[in-house]
Amino acid sequence: MAAAKTLWYCSNCGNESPKWMGRCPACGEWNTMVEAPVEKKSAGKGSKAVAGVGRGERKPLKLKEIDRSKEPRLQLGMPELDRLLGGGIVPGSLVLIGGEPGIGKSTLSLQIPLVSGLRTLYVTGEESARQVKMRADRLGAEVEDTSIFTETRMESILEEAEVIKPELMIVDSVQTMFTETVESTPGSVSQIKEVAAMLLRFAKESGIPVILIGHITKDGYIAGPKILEHIVDVVLQFEGENRGAYRILRSIKNRFGSTSEIAVFEMTGTGLREVANPSEMLIPMHEAGLSGAAICATLDGTRPLLFEVQALVSSAVYGTAQRSATGFDTRRLNMLLAVLEKRAGFHLSAKDVFLNMAGGLKVSDPAADLAVIAAVLSSNFDYSLPGDSCFAGEVGLSGEIRPVANTDRRIGEAARLGFKRIYVSSFTPLGEQLPKEIKIVKVADVPALVKALFKNA
Ligand code: TYD
Ligand code: MG
């Protein structure tokens, strides 16, 4: 018998390679290649357990023949989650919810049948039925029409689903499930891919929406949901500090709605609570008058979000100064410090600079630049900024302050939250109807900002 053929997969991004490599050439991660047998192409076997039509019955349709009535959607009973999905979950779609262990994936997925009242098949390969029951009790709702199924074999799960015909199916988690058509162990790349493909087929052919949970681990030991991103319809990812109470659910991919939208949840003693107004929780939790803090008006997707940027500038203890940023790109911080040095004459090279985005946020909106500069200078001068001011602007290499997208909406949100002053680029095109309660301060470059903020410092 010929030796079984194997392939190497990157457990971070799913890249295939015929041989082992120390570093994945696709995503650049080290030590992530895992070996897996080549998947057997057993044509009928995988789809046997799937309900519905056989191959030959489907025909191509003329575009104009296709029913154009709106995609019906099922409401999950949590307004923020429904908004994130684009107005509810689409029948027949496969939604992946990813996140680190302990962040609240199982809690959220159990809350969905409890609040929506949908007849749900909840498949868990991680917990016993009693554990799920205890969690449901903790969430404080009666599980009326939800069946809990502790099973990890996909063939049994799909057969059971055909019998129960639920309105919604939840599978927790992809890493614990396995199918007999693939030889490798649960959690391996080929198992994860095949399990997801089976669920996708099941969802498409039965019209039942499926929510799939996937763990993400930093060490890349378990094949991550990244390799599933192109298979599923929607990817929602949990972010945030496990220890903190707030979690952000971000849509990374959505075939039925917009991406980079976020929903904010708070982990309470009785499950996750939706935070309809995220700006309010991210704004300072200390007394006014502390130096090194500046409020940034960012836009996450289409949703304005105000939060605090914190900086600490102190004399370097060791020879070389440290630069460290949490939730912000360190290279961008270095660039902004270089701009401060070259264009505004601040010598920060002998200082340690620490930067933190409050609330465990990860910020990639360039509009945060202005708040970062303001916070760094505020700490450097030990001079606090007024608590009713906020910032939205990108900083360029020549020290110019550049306009950012949708400034009007940022201004609107800042005004709604009671801010009295917002600093934006002089080159910002502004709409007609701006709130009167807030003063819009236009600044052209970094020296002008320094003058406007720190003339008394
Ligand atoms: P869990 O949802 O099991 O996380 P995951 O499935 O992503 O691994 O658990 C999240 C954490 O939240 C867990 O440490 C316990 C805690 N928790 C609460 O604080 N309140 C609650 O009501 C529940 C159910 C869990
Ligand atoms: Mg879990």
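## Helix α11 and its buried side

A residue counts as buried when its relative accessible area is under 20%. Keep that cut-off in mind as you look at this predicted model, starting with helix α11, which runs over residues 446–454. Which residues of α11 are buried? They are V446, L449, V450, L453 and F454. These five sit on the same side of α11, because they cover an arc of only 100° around the axis.

## Who surrounds ligand 1

Next up is ligand 1, which has 15 residues around it. The closest are G102, S106, T107, T268 and G271. What kinds of residues make up this shell? Sorted by class, there are eight polar, four charged and three nonpolar ones.

## Backbone contacts and cover

For G271, a backbone N or O atom is 2.6 Å from a ligand oxygen. For K105, a backbone N or O atom is 2.8 Å from one, and a polar backbone atom of G104 is 3.0 Å from one.

How much of ligand 1 does the protein cover? On its own, ligand 1 has 560 Å² of accessible area, and the protein covers 77% of that. The elements giving two or more residues to the shell are α3 (105–116), α4 (129–139) and β11 (262–268). Of the elements, α3 gives the most, with three residues.

Definitions and conventions: Residues are numbered from 1 along each chain as its sequence is written. Chains are lettered from A and ligands numbered from 1 in the order in which they are written. This is a predicted model: local features need pLDDT of at least 70, side-chain atom pairs count only at pLDDT 80 or more; totals for chains, interfaces and linings use all residues. Side-chain values use heavy atoms; hydrogens and water are left out. A residue is near a molecule or strand if one of its heavy atoms lies within 4 Å of it. A polar contact is a pair of N or O atoms within 3.5 Å; within protein, one must be able to donate a hydrogen and the other to accept it, and residues adjacent in sequence count only if both atoms are side-chain atoms. Accessible areas come from the Shrake-Rupley method with a 1.4 Å probe; for residues, only the protein chains shown count as cover. Helices (H or I, at least four residues) and strands (E, at least two) are DSSP runs, numbered from the N terminus. Ala, Val, Leu, Ile, Met, Phe, Trp, Tyr, Cys and Pro count as nonpolar, Asp, Glu, Lys and Arg as charged, and the others, Gly among them, as polar. Buried means under 20% relative accessible area, exposed over 50%, partly exposed in between (1.4 Å probe, protein chains only). The arc is that of the directions from the helix axis to the C-beta atoms.
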